[in-house]
Amino acid sequence: MPLFPVALSLMASFLSSVSVLGVPTEIFYNGAIYWVGAFSAFLFIPFTVHFILPVLYNAGLSSAFEYLEMRFNKLVRIIGCLVFQLQMILYMAVVLYAPALALNQVMGIDMLVSILVIGLVCTFYTAIGGLKAVMWTDAFQMIIVFAGLMTLIIKATIEVGGIAKVFEKASAGGKLEIDNFDPSPMVRHTVWTLILGGFMTALTVYGGNQAMVQRYVSMKNLRGAQTALYLQLPASIVFTSLLVYTGLVLFAKYGDQSPVPCIIPKADQLIPYLVMDVLGNVYGVPGLFVACIFSASLSTVSSGVNALALVFMTDIFKPVYKKITLTEVNESKATVYSKVVALLYGLLTIGLAFLSQYFGTLILQISLSIFGMVGGPLLALFVMALFFPCINSLGATVGMICSLTFSFWLAIGTIASRPSPPTYSCPVDTNTTMTNYTTHWTSNYTILSTTTPLYNSSTDIGNIQVAAAEKTGLQTFYSISYLWYSTLAVLVAVSVALLVSCFSGGTKKKPVDRRLLSPLYLWIASLANTYNSTDLEMHILNKTDSKQGSEEKINGTISANGSHTGNGEKAIIIERMQNGEKT
């Protein structure tokens, strides 16, 4: 595939409707510190390009989990495959649900219709067209997303009073505070959490996710794949910055007004409401932004469905078919089966999307938590394979299971201990409804304050935090930032795997092919120069023999020149001869 569609497709795969709707909402409630996380790209992209991608590309893979079988065994490959399917199905359900939730009340589009349209359309063209169709449509959809976002930003900024006014109001509301260096992992967003925790969370996407790996290997050569991935660095920072600025515009326009929950019950409906408020009278433009949201959702779901179908066929169906029939499945049948599998995965995702309403209100946090909760243990498998040649298949299996158990316990405990969101006393206006798009909502609702900011980092309606002093035991642990889930999952898996491997003999019985190890590990290993005791003894013996031979030669020289040579001169001659100089 050419560089252009691959680069845009890589970006589109996980720049979903969750990002378009969730990031501005996050900024509106909790401030612009989230923007700091964009700079984790300076860590995870070079790390992936130089220490992970060369191994996966040169292995000639169809599925990323083939590598796990090369490094460990078939069981580890199947476990990785199943965990990936769980991760992507959960994530795609949220991605389908997000635009449906946002557009339901604000634009009058029924949730059932929205979910079915997105789900069925992307399932259809993914099943029929395969990876090439997905990548070209991803590229086109990214252009639509960019056009829709820029249109909204420009028009909304003009209405607020210009860029300077946006930043003035955001600063007055405390939304530009991005210098929180608190080292505590219990604080939801700090510089360390966003950069270091964000680094590990991003690696779950770029380092071992089939949706990304299959795009890497579609390039003609490794250099092309590395270039496509490096292009994600500026693109990631630019798009994140645009979404963050959109959130600041939201706050500048609505931050000092009546409680937003009185007008927009769901936080994720803020962006569609802004679209109708700002662009509702401009013919065709609201439709452009609807296309923007739907395109973002389509690109992610289609990539996920394609990756799931490929992984199922390569890692499960074909090996089972060969074992049962003792023959390889022919290509024509494999193509038909693959389309059927893609269709079934699409329908399953549509069904689960209706259950996403129970996930909570902040879809951005929910989606990133999924990558930490399920993607973290999956990333751990690749970390163990690439960077720890002493870990064997038994250690990897036990480590993975322990990591999954820990991650689900943490996630479920966090949900169970989450406090209820606050309630608001909203004014009643029987003459106004949510669907009255073009009337500015402040004309119908009482303004509470114009001088004191209503929303700040301490009043997040979706994540009300209990004071640290009131938390005890597990409550404190459950309050750990969701961005550390991946890091904890990897640490648990690697620690357990190392212990199990040490007690089970490591990889002595099955030596590891150096080509399956990360260039980073090979470089570190090359810095050590070791030898065994026999080599050491021979080195000392040779050095001693050389010194004795030099002394005998010197004594002969001294005898030939006469006995008047002193001990000091003799020592100088010995030193010169040992250094290879002429006497």
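The exercises below, each with a worked solution, concern aromatic pairs, a nonpolar core and a surface patch in a predicted model.

Residues are numbered from 1 along each chain as its sequence is written, and side-chain values use heavy atoms, with hydrogens and water left out. Because the model is predicted, local features need pLDDT of at least 70 and side-chain atom pairs count only at pLDDT 80 or more, while totals for chains, interfaces and linings use all residues.

**Exercise 1.** Classify the aromatic pair of W409 and Y478, and state where in the chain its two members lie.

*Solution.* A pair of aromatic rings is described by the distance of the centres and the angle of the planes. Rings of Phe, Tyr and Trp (its six-membered ring) pair if their centres lie within 6.5 Å, with planes under 30 degrees apart counted as stacked, over 60 as edge-to-face and the rest as tilted. This rule gives 23 aromatic pairs. For W409 and Y478 the centres are 5.9 Å apart and the planes stand at 70 degrees, an edge-to-face arrangement. W409 lies in helix α18 (residues 393-416) and Y478 in helix α19 (residues 474-478), so that the pair links parts of the chain 69 residues apart, where helices are DSSP runs (H or I, at least four residues) numbered from the N terminus.

**Exercise 2.** Is Y478 buried or exposed, and how is its pair with F477 classified?

*Solution.* Buried means under 20% relative accessible area, exposed over 50%, and partly exposed in between (1.4 Å probe, protein chains only). Y478 counts as buried because its relative accessibility is 12%. The rings of F477 and Y478 have centres 6.4 Å apart and planes at 50 degrees, so this pair is tilted. F477, at 24%, is partly exposed, and W409, at 39%, is also partly exposed.

**Exercise 3.** Which residues touch the most other members of the largest nonpolar core?

*Solution.* A nonpolar core is a set of buried Ala, Val, Leu, Ile, Met, Phe, Trp, Tyr and Cys residues joined through side-chain atoms within 4.5 Å. The largest such core holds 155 residues, of which Y67, F382 and M384 touch the most other members. Helix α15 (residues 285-325) contributes the largest share, 16 residues. With contact meaning heavy atoms within 4.5 Å, Y67 touches V55, L56, L61, F382, A385, L386 and L516, not counting residues up to four places away in sequence.

**Exercise 4.** Which helix gives the most to the nonpolar patch?

*Solution.* Helices α7 (111-160) and α16 (331-353) each supply at least two residues, and α16 gives the most, with six. Y337 is found in α16.
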